[in-house]
Amino acid sequence: MDNNEKNLNFSISGMTCASCVRIVEKNLKKTEGVKYVSVNLATEKAFVIADNSVNYETLEKAVKNAGYEMKREAPTSDIIEQRFKNDRKNMIFSLSLTIPLMILMIFHMSGIMIPFFKWIELFTGGAVIFISGRKTLKGAGIALTHFHTNMDTLVSMGALSAWITTIFSILGFDILSFGSLSAMLIAFHLTGRYIESRLKFKASKDIRSLLELQSKEANIIDGNEIIKIPSENLKTGNKIIVRTGEKIPADGFIYEGTGFIDESMITGEPIPVGKNNGDEVIGGTVLNSGVLKIEVTGTGEDSFLSQMIKLIEEAQSSKVPIQAFADRITLYFIPVVFFLALGGALLWYFNYENMQPFLQYFSDIFPWVNYSSGALSNAVFVFVASIVIACPCALGLATPMALVAGSGVAAKKGLIIKNGESIQTAKDIDVVIFDKTGTITEGKPKVTETSLSKELILVAGALEKNSIHPIAKSVYEYSKDTGEIPEIKETEEIPGKGIKGILNNDSYFLGKPFDYDLYKDKTEKGYTVIEMRKNDEIMGFISISDPIKPDSAEAVSKLKSQKIKTVMITGDNALTAKAVSEKTGIEDFIAGVKPEDKVKYVRDYQIKGHKVAMIGDGINDAAALKSADIGIAIGTGTDLAIESADIIIVKGELSRVNDAIEISGITFKKIRQNLFWAFFYNIIAIPLALSGLLHPAIAEIAMTFSSINVVLNSSAINRYFNKK
């Protein structure tokens, strides 16, 4: 996005299938200023990138024109629970009428005459359709009045067609009564809708649980008093106190106290983290022990947790490239199926006598095939079965349900997968390029040794004062304890080299040495050495140690076990780079690289046919992260790096790289499986329905279980990682 664009997230209610999603997206895309739209059926969420001129009111109008309802807020737990209760009530009501009707139908078909059976079918079927199925009829009506079709259209059309045959039969027309079938179609549809919504709710609970992590109240320090206020009323700069066992209500930093904080909801790690004065804390985490006084730095939408939730929701609403294929099919699917069903019914009606032997042959195999039902009855039978079996619900859920499950698992492990495209690409990654400082190492370097005088150390601090590089910060922090730092003029940071400035008419430079061989004993230990020069004369050095992250070697080992090549790229010297690569097990390293050249090395591997993941944390990594097939940012790094990446490791543990690649790979595998079975089911079932061999009730059951299979298969992502 550029500065003239903004992201807009909101909820849409009333959608039932991929066709609904398509029509909503189409209407939103027609809105002037909208550049990108993605709607997720599983989460009922929409994600829009638009010009600053576009507002929620404009988008709401577009959604309403499509026949659906838009809300800025996600459904609350109470609303979701109420939906379950309504779905369950409708299901129970429909089944309580349909099951006895099915039993009577079986007796009636076996030759036992049930008095007034057609009237029973008429009133029972009508009650099921117009009472428990009223939402389905409403959904179909909304679609038709807005000149499109959806799953509710097909189910309603099938049920009403079957129910009307009972009316015609009572009036004396030569047609079999399918009134029982009308009740069965609605009952099975509502049962499937309930099971599906329940499974969808479970699949997305990891994201909703993040919302529930936020503390409802905060203890604010007001002079000598402590006042309890709602957390939503906190403001930046407020000072709060948090005691053992309490949730931290907002982002901030500790200005007094020490304690151990459970950050498992961010990192996925159960071990509490020790925190001291000056350390940052995240709202929603739990203080296991200690008492902390915290100054608030982020609340509401600016808080880390809110930003994390927003990114995950955007990822869930994004599209995987493979989904474009399914979208193109569903665009024409329902209209084509309707005309196939109508054409098939007419073909059977006008050629019934010629095709009757075909039905007679299969009547011994399929007991529901009635070869003597008559032309009109058989035509209705084929029409109802064909439109019911072809409901594209499974196709619509195939991708979004897998994305919901995958992003939910990622969230629990402290990962944010920002877009759907990375899900499809990750499985092909065969080269991972690491930045060194802040990625492989802690990014918290400390001065270990220096040959500079006290006066020159203060000059070094003055030079590094305004730089955001981790090494610069360590030098500045070290110099602050030495004395008063002077004001230096005309400072200029030279990317990949160092920084220079003027003090008392003398030119000072602090950065890469002329000759690293002078400091070989230090660089071989993995230390970074920077050299100070005054008017181009070497004045001394500062040796800096940046500890390697505890899990770096493990992360590299796991990647190598997956036959993924590991490469480290750094602006540091070759000796330091070699020492770090040997300690971590990285196969290759490229040292002395300027920030602008990192993109070149990424592209060199891509030109050779490799799929490259780049992992970094700094401003100088942003271009390389964007150029790589997948950019992975360390969440403790700069905002620009995070903005440029496809995947974010929230707390910076390098071992999460393996999790990110594995989650992405398995999620894409489930998407492919879902799409395959959804297509395969339709390829087999539609010809059977058109041939008159598939009973409409069996068609409805098969359609329902096809959708449930997609949800269950997607939920397997969660089960897989829970077992690990």
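Modeller: In this predicted model, seven strands make up an open sheet with mixed pairing, and their order across the sheet is 14-26-25-24-15-22-23. Strand 14 (415–417) and strand 23 (588–590) are the edge strands, each with pairing on one side only, and from one strand to the next the twist averages 20°. Two terms need their rules here: strands count as paired if DSSP finds at least two bridges between them, while the elements themselves are DSSP runs numbered from the N terminus, helices being H or I over at least four residues and strands being E over at least two.

Within this sheet, strand 24 (residues 612–616) and strand 25 (residues 630–634) pair in the parallel sense over four bridges, and the bridge partner of Gly616 is Ala633 in strand 25. Helix 21 (residues 574–584) packs on the sheet, where it touches strand 22 (565–569) and strand 23, and its direction makes about 155° with that of strand 23. Helix 22 (residues 598–607) lies across strand 15 (431–435), strand 22, strand 23 and strand 24, and runs at about 170° to strand 15. Touching here means contact, that is, heavy atoms within 4.5 Å, and the angles, which run from 0 to 180 degrees, are taken between N-to-C directions of axes fitted to C-alpha atoms, for helices over the stretch in contact. Lys608 lies over the face of Tyr605, at 5.4 Å from the ring centre; the rule asks that NZ of Lys or CZ of Arg be within 6 Å of the ring centre and within 35 degrees of the ring normal. Elsewhere, the charged end of Arg533 sits over the ring of Phe514, 3.7 Å from its centre.

For the numbering and the atoms used, residues count from 1 along each chain as its sequence is written, and side-chain values rest on heavy atoms, with hydrogens and water left out. Since the model is predicted, local features are given at pLDDT of at least 70 and side-chain atom pairs at pLDDT 80 or more, whereas totals for chains, interfaces and linings use all residues.

Strand 1 (residues 5–13) pairs with strand 3 (residues 45–51) over seven bridges in the antiparallel sense, and Phe10 stands opposite Ala46 in strand 3.

The aromatic side chains come to 18 pairs, counted where ring centres of Phe, Tyr and Trp (its six-membered ring) lie within 6.5 Å, with planes under 30 degrees apart called stacked, over 60 edge-to-face and the rest tilted. The rings of Phe10 and Tyr56 have centres 6.4 Å apart and planes at 85°, so this pair is edge-to-face. The pair links distant parts of the chain, with Phe10 in strand 1 and Tyr56 in helix 2, 46 residues apart. Phe10 counts as buried at 1% relative accessibility, whereas Tyr56 is partly exposed at 21%; buried means under 20% relative accessible area, exposed over 50% and partly exposed in between, with a 1.4 Å probe and protein chains only.

For the whole protein chain, there are 26 helices and 26 strands, and buried residues make up 54% of its 724 residues. Of the contacts with a separation of 6 or more, 68% come from residues 24 or more positions apart. The mean pLDDT, which is the predictor's confidence in each residue from 0 to 100, is 82, and 87% of the residues reach 70 or more. Among the elements, helix 4 (residues 117–132) has the highest mean pLDDT (94) and helix 8 (residues 205–212) the lowest (55).
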